Amino acid sequence: MTYKLPLLQFKEDALEPVISAKTMSFHYGKHTKAYFDNLNKLITESPLNGKSLEEIIINSKGAIFNNASQAWNHIFYFSQFAGDRNNKLGGDLRRAIERDFGSEIGFKERFVTEGVNIFGSGWVWLSSDVEGHLQIDKCQNADNPILNSRIPLLAFDVWEHAYYLDYQNQRAEHLSALWMILNWEIVEKRYKERTIFKDKCF
Ligand code: MN
């Protein structure tokens with residue numbers, strides 16, 4: 001089975017100036033593509049060949065895990081910037097964020113701080129349990145809240161390849177700017193559905 005890199009849902013320059021077209025061309029066109037290409041090479045001899053990416057993530061280690069999880073994480077990451085960006089946090093998710101983090105501003109500050117505090121490469125996530133209780137997860141390298149049976153809602157990539165061309169070493173500035181291009185409706189939809197990943201999502 002071939003795991004196929006989904007098409008980007010917007011043009012490479014659509015997120016400028018927060019994320020430049022040059023960063024997008026490398027981040028999507030080179031890095032993300034490489035995770036899919038590597039996975040396709042590695043999976044051929046594995047009993048996991050043909051399983052969903054989520055099943056591979058949960059049931060593998062080493063290079064197969066790293067490439068499958070990075071493939072999943074990046075598609076999840078890019079898709080939250082699609083469509084109607086810069087809309088407002090609302091609905092049940094707003095209520096849950098205010099309940100669990102005090103306020104929207106408090107949540108955003110803490111999320112960025114946790115991302116800045118990840119040593120080296122990784123991801124900062126907002127995740128939920130099935131009942132809708134939220135938490136921020138700091139993950140190293142390719143790790144993902146799915147591994148802890150949590151439901152990912154939002155992910156900021158803190159690997160340097162995500163921001164170095166545009167922000168050099170200013171990780172906090174990059175993460176803080178991402179709120180301007182986030183489509184909250186997509187995050188709200190993920191929260192509303194709260195899908196425990198067992199099936200194919202691509
Ligand atoms: Mn990345």
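Begin by colouring the protein chain by domain: domain 1 covers residues 21–79 and domain 2 covers residues 91–201, with bounds that come from an automatic or database domain assignment. This is a predicted model, in which local features need pLDDT of at least 70 and side-chain atom pairs count only at pLDDT 80 or more, while totals for chains, interfaces and linings use all residues. Residues are numbered from 1 along each chain as its sequence is written, and side-chain values use heavy atoms, with hydrogens and water left out.

**The interface between the domains**

Display both domains together; their C-alpha centres lie 19 Å apart. The contact (heavy atoms within 4.5 Å) takes 22 residues from domain 1 and 28 residues from domain 2. Between them the two domains bury about 2,000 Å², 63% of it on carbon and sulfur atoms; buried area is the accessible area, taken with a 1.4 Å probe, that two parts lose on being put together, summed over both.

Which kinds of polar link cross this interface? The rule finds 11 residue pairs in polar contact, both residues at pLDDT 80 or more. A polar contact is a pair of N or O atoms within 3.5 Å; within protein, one must be able to donate a hydrogen and the other to accept it, and residues adjacent in sequence count only if both atoms are side-chain atoms. The count of salt bridges between domain 1 and domain 2 is 0, a salt bridge being a side-chain nitrogen of Lys or Arg within 4 Å of a carboxyl oxygen of Asp or Glu.

Next, select helix H1 (21–42), helix H2 (53–59) and helix H3 (62–79), the elements that give two or more residues to the side of domain 1 that touches domain 2. Helices (H or I, at least four residues) and strands (E, at least two) are DSSP runs, numbered from the N terminus. H3 gives the most to that side, with 10 residues.

**Serine 20**

Move to serine 20, in the segment before H1. Its side chain reaches the backbone nitrogen of threonine 23 at 3.0 Å. Is serine 20 buried or exposed? Serine 20 counts as buried because its relative accessibility is 14%, where buried means under 20% relative accessible area, exposed over 50% and partly exposed in between (1.4 Å probe, protein chains only). Leaving aside neighbours within four places in sequence, serine 20 is in contact with Glu12 and Asp166.

**Salt bridges**

A search of the whole structure finds 9 salt bridges. Select arginine 95 and aspartate 92, whose closest N and O atoms are 2.7 Å apart. Both lie in helix H4 (residues 91–101), 3 residues apart, about one turn of the helix. Arginine 95 is exposed at 53%, whereas aspartate 92 is partly exposed at 49%.

Then select arginine 94 and glutamate 104, which meet in a salt bridge (2.6 Å, N to O). Arginine 94 is in helix H4 and glutamate 104 in helix H5 (residues 104–116), 10 residues apart. Arginine 94 is partly exposed at 26%, while glutamate 104 is buried at 17%.

In helix H8 (residues 184–193), lysine 189 and glutamate 193 are 4 residues apart, so about one helical turn separates them. Their salt bridge has its closest N and O atoms 3.3 Å apart.

**Isoleucine 151**

Finish at isoleucine 151, found in strand E3 (residues 151–157) and buried at 2%. Its C-alpha atom is separated by 6.3 Å from that of arginine 194, 43 residues apart along the chain.
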